[in-house]
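Here are some notes to read alongside the coordinates. Please check each point against the model.

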Amino acid sequence: MATFLATYDFLLVSMALAAVLALTLYLPLMAGQLSVASPGFYALGGYVAAILSTKVFHPAPGLYPVSLVLIEMAVAAVVSGILGIAVGLPALRLRGIFLALATIAFVQILGVVALNLDVTGGAIGIFGIPQPFGSQLQYMWLAIPLLLLSMLFVARLERTRTGRALIALREDELAAAAMGVDPTYHKVLAFTASAVLAGAVGAISAHFINTWNSRQGTFDTSVNLMAFVLVGGSRTFVGPVVGGLVLTALPEALRGVADVGGLPPWFAQFLRDGRLIIFGVLIALGTVFFPHGLITPGLLGRLGLGRRTGRV
Amino acid sequence: MNGRLFLQQVLNGLAIGSVYAIFALGYTLIFSVLRIINFTHGAIFTLGAYATYALTGSQFGINGLLAGATLPVRLPFVLALLGGSLVSAVSGVIVERLAFRPLRTRGADPLLTLVSSLGVAVALVNVTQYLFGAEPYSFPDPLSELPSAVNFGTAGQPVLVRTVQVVIFGVSIVMLVLLTYLMNATRTGKALRAVAEDTTTSSLLGIDTDRLILLTFVISGFLGGVTGTLIGLSVGIAGPYFGIAFGLKGLAVIVLGGLGDIPGAVVGGLVIGLAEAFVPAQYIAYREAVPFALLFLVLLVRPQGLLGRAQVQKV
Amino acid sequence: MSRHFASFAVMVALVAVMAGAVVSGALVGHAADPIPIGVSVAQTGPVALAGQEQVLGAQIAEEYFNKHGGVNGRPIKLVFQDGGSDEPTAINAFQNLINVAKVVGIMGPSLSQQAFAADPFAVRAKVPVIGPSNTAKGIPQIGEFVSRVSSPVAIVAPNAVKAAMEINKNLKKVAVLYAQNDAFNKSETETFQQTVKDLKLDLATVQTFQTTDTDFTAQVTNVLNVNPDLVIISGLQVDGANLVKQLRDLGYKGLIVGGNGVNTAAIFPICKAKCDGILIAQAYSPAYKSKINDEFKSVYKDKQKKDPPQFSAQAFAGIQVFVEALRALDKKSPLAKMDLATLRVELNKQLIAGTYDTPLGEISFSTGPGMGGEIVQKQAYVAQIKMEPDGTKGTFVFVK
């Protein structure tokens, strides 16, 4: 058990953080908007934390105080929120594939800016980010509460008026607008909530991987998030969470399976190096055989979880 | 801004842009008929380049599963190009059958198809790397007899454009003309446009939609193979990932021109090429952001693109 | 109905795979006899080209040293875990090597950015790391257990500029280009630009590009516009080679200095005859005459039919440092009697203290408080590429 935790502590926390990021894609999706802007806010949150902890706060040597990390998360959340509103207001007038493309463009532009500013360190990025914990596993103290809180938030959201308004927008935007639901207000709300959450995750991640640079939070991250939601389940918040947990673990689990003795060497080598092939194929198969993802409200109903309301 | 520099930058823009244009043609063709964005275009174009390389009788390097392999044929470049593009066309069809058709028959959301195509693209690129290794390859150069650059200026004031880029520009215009002719002046083209308009009604009217969709993928794959090979000629096959970067910029190109609009793909490509060429020298570090800034702007101001028609929302 | 059952079944299968990983992790230990050394480089992803060269260098080292008695009779065994081209994969690879494969030391990762992320994990676990290709500033300063055999950019780069000035005594104007999205190239260009200023040359323009770029028409136009005598390029193999080709195609006739990223025969297929004349400051030269370099070269040439690239030589040197340090340590106090934790700590101390005659030349390490081993390399090389007229074969000719 000790070896398991020592080997997989980084992975376990990554899984939890990935699940939260998956929720940031789910939030706009509740309103029927596919926005892949979260990686941009994730990157922004990480830079905020990295810059604050290495250049602004000058703590004593030793472990970095967790309270400062929480402050960084708050600052990251606020900055992301403001940028979220600024970008969301014009962008959310777009629908469907156009919005997805606009958010892709946004992430690319942020990446180029990050490469060019001095304060972000350019391609080298910022390194030597102080650690608030002695071991990676202790990051669970931040990751798990964040995950549980966001799950709770989204679960409750589905029951409130705002949540129902979002679902109405997803089902039929024109009809909802005709019935008095303000589309722009609600879409920007979901988008901004998603930005705030992504920024907070970014702030934790910067400490978690010791370094932050423009390679964190790119189009590749968007691809991963889309996989989490579309394979995990796009109709209930449990889906993205499960998708995030499982698909983050998968490449590393394949690495672990490859290490099992007794496999023919070419197969073991394929499992090790072919992780990306397997990943890609799984995504493609998943969309064909499970178009609403693995976790659907129907499945939850059959398992005795979840409510009877909500359409499949 | 002197005249010579201006002319140089215009020609640079057209050169850069025509590369984007030929890539975007295959991309936008699929969208025009099926309303989906096919990310595998980048992977298929890479496969075409590798296939052409193999058909010229060249040898693969040391790193993949097929280390040191060669085909027992040595075709001249043009024949290898056609052969390689046929390979891409076939790959496109296989991808269509395996990945897109099941989604289409279930009436899946186009966004789901986008994600599926991403998954397939990732898998294909990595299979290519697994088989052939990550090394760069170069074609035996058919243009080596010609001078490396064409001078559009004078001997005293040279304005040079690389010969291979002039070739690519020429090919993009030819492809544009052929495709436009196909879509507008032939029966097949009319049938394709009918399928694009409404698949169900078309099939009710007796059009074999399945065969036409297959044809679309064949043409798009073939175009992709030609594109990959020509770009490989210009800059070498940089490795299995070299198609993926085009996939992203290609999005900006086709939206700018108008999603699904065939001349739009060329116009979009040239406009973005010109925009990149005219970035002032001291801001060159932000050049990468230019296509995406343009994309964002176009989406806000005119989402149907430069040549598209404004979409009317039917209730 | 069956749809939901199928989803459920898939989930169960996925969980089973992960459980299998857990169990396998717990059961796999290392066999008592061969000494495990970890190698974590980029075997997949966009940087795989470099990674594959490193794997080859390491494998040649494993065969070579095991043939020559291993560690005083005990063979070494290299354990490869793909570090990918991104930070989290490198971290996971390191974790696996440290905790599951229980290696005595790790060689890797490929990229400097990955080192900033993954090396701290090794430092916390007190496992020695040798970077074969991390050249950015600040790597050994990450911690006491981080060393590198890749010469930092600041040492290697200026020699090539000086060599250019000797060839063209009237050299005045310089244009610098670099890949802005790569940490190594960004570090290298800062050194080159500083060198240009120190040597009182005129830095006429600085242009940037991305390592993934293939078209450089705009940058070349901007460079030609200032009419430079020398162009300095900091890029990786493919982009660097394409940039050279396009500079020459569009009429540039002056000197070109290439940074460490283009120090490989892999550029020849891309720029062919136009690669001729590039001056490169190298951390490794196949032309360097020494017994071990000759042997390394001949084994490499047998397999690959060309001269070994720098990445392979540095990987070989990295493994060599581990092996020779293990041998020295074993003589002082038998390895078989040490527990793994002590072995790792002692190995780290030993390797930093030693000198080694590697294919890179004679190397040793300098250290300081809080840092590991910074390489001190006796030989520095500047080479000029000489291509055959048909453009298929080329060599790196020693200049100084």
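1. Is C:Lys200 buried or exposed? The model is predicted, and in it C:Lys200 is exposed, because 7 other C-beta atoms lie within 10 Å. The residue sits in the loop between α6 (183-198) and β7 of chain C. Its phi is positive, about 60°, although C:Lys200 is not a glycine.

2. C:Lys102 also deserves a look. Phi is near 50° here, a positive value in a residue other than glycine. The loop between α3 (87-100) and β3 of chain C holds C:Lys102. With 17 other C-beta atoms within 10 Å, C:Lys102 is partly exposed.

3. Next, a peptide bond. C:Gly108 and C:Pro109 are joined in cis, with omega about -15°. C:Pro109 belongs to the loop between β3 (106-107) and α4 (112-125) of chain C. Most peptide bonds are trans, and most residues other than glycine have a negative phi.

4. Now the interface. Chain C places 31 residues in contact with 37 residues of chain B. On the chain C side, α2 (48-67), β7 (202-209), α7 (217-225), α8 (237-249) and α9 (268-271) each supply at least two residues. The largest share, six residues, comes from α7(C). By class, this side of chain C has 19 polar, nine nonpolar and three charged residues.

5. Last, a helix pair in chain A. Helices α2 (38-56) and α4 (96-116) of chain A pack at about 25°, their axes 8 Å apart. The angle is under 35 degrees, so α2(A) and α4(A) are roughly parallel. From α2(A) the contact uses A:Pro39, A:Gly40, A:Ala43 and A:Tyr47; from α4(A), A:Phe106, A:Val107, A:Leu110 and A:Ala114. Seven of these contact residues are nonpolar, one is polar and none is charged.

Note on methods:
Residues are numbered from 1 along each chain as its sequence is written. Chains are lettered from A and ligands numbered from 1 in the order in which they are written. This is a predicted model: local features need pLDDT of at least 70, side-chain atom pairs count only at pLDDT 80 or more; totals for chains, interfaces and linings use all residues. Axes are lines fitted to C-alpha atoms, for helices over the stretch in contact, and angles run from 0 to 180 degrees between N-to-C directions. Helices (H or I, at least four residues) and strands (E, at least two) are DSSP runs, numbered from the N terminus. Angles under 35 degrees count as roughly parallel, over 145 as roughly antiparallel, 65 to 115 as roughly perpendicular and the rest as oblique. Two residues are in contact if their C-beta atoms, placed from the backbone, lie within 7 Å. Ala, Val, Leu, Ile, Met, Phe, Trp, Tyr, Cys and Pro count as nonpolar, Asp, Glu, Lys and Arg as charged, and the others, Gly among them, as polar. A residue is buried if 20 or more other C-beta atoms lie within 10 Å of its own, exposed if 12 or fewer, and partly exposed in between; C-beta atoms are placed from the backbone.
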